[in-house]
Amino acid sequence: GLGSFYYMAYATGHAAFDKPDILWVTVSLVVLVSIILHGIVMTPVMRRRDRRQKSVANAL
């Protein structure tokens with residue numbers, strides 16, 4: 001996430017890269033895909049967790 005951008009900024013400030021624009025685009029794409037996947041996956045996971053907790057609470 002945000003740390004990836006920090007490390008990219010640090011690296012590009014302390015070393016020479018042939019094509020830093022490609023690195024920035026790659027990091028940005030990976031972070032964006034990660035955010036989207038987490039958003040898609042977490043809703044069903046949380047619903048399942050809530051149902052399971054309710055089931056356990058009703059069994060007691």
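Analyst: Pro20 has a relative accessible area of 30% and is therefore partly exposed; buried means under 20%, exposed over 50%, and partly exposed in between, with a 1.4 Å probe and protein chains only. Pro20 is placed in helix α2. Helices are DSSP runs of H or I with at least four residues, numbered from the N terminus. The model is predicted: local features need pLDDT of at least 70, side-chain atom pairs count only at pLDDT 80 or more, and totals for chains, interfaces and linings use all residues. Residues are numbered from 1 along each chain as its sequence is written, and side-chain values use heavy atoms, with hydrogens and water left out.

User: How is the packing of α1 and α2 described, and at what angle do they pack?

Analyst: Two packed helices are described by the angle between their axes and the distance between the axes. Here, α1 (residues 2-14) packs against α2 at about 170°, and the axes are 10 Å apart. Axes are lines fitted to C-alpha atoms, for helices over the stretch in contact, and angles run from 0 to 180 degrees between N-to-C directions. The two helices are therefore roughly antiparallel, a term for angles over 145 degrees. Residues in the contact (heavy atoms within 4.5 Å) include Met8 of α1 and Pro20 of α2. The C-alpha atoms of Met8 and Pro20 are separated by 9.1 Å, at 12 residues apart along the chain.

User: Where is Lys19 found, and is Lys19 buried or exposed?

Analyst: Lys19 is in the loop between α1 and α2. Its relative accessibility is 56%, so Lys19 counts as exposed.

User: What is the accessibility class of Val41 and of Arg51?

Analyst: Val41 lies in helix α2, which spans residues 20-59, and counts as partly exposed because its relative accessibility is 43%. Arg51 is also in α2, but counts as exposed because its value is 55%.

Notes: Angles under 35 degrees count as roughly parallel, over 145 as roughly antiparallel, 65 to 115 as roughly perpendicular and the rest as oblique.
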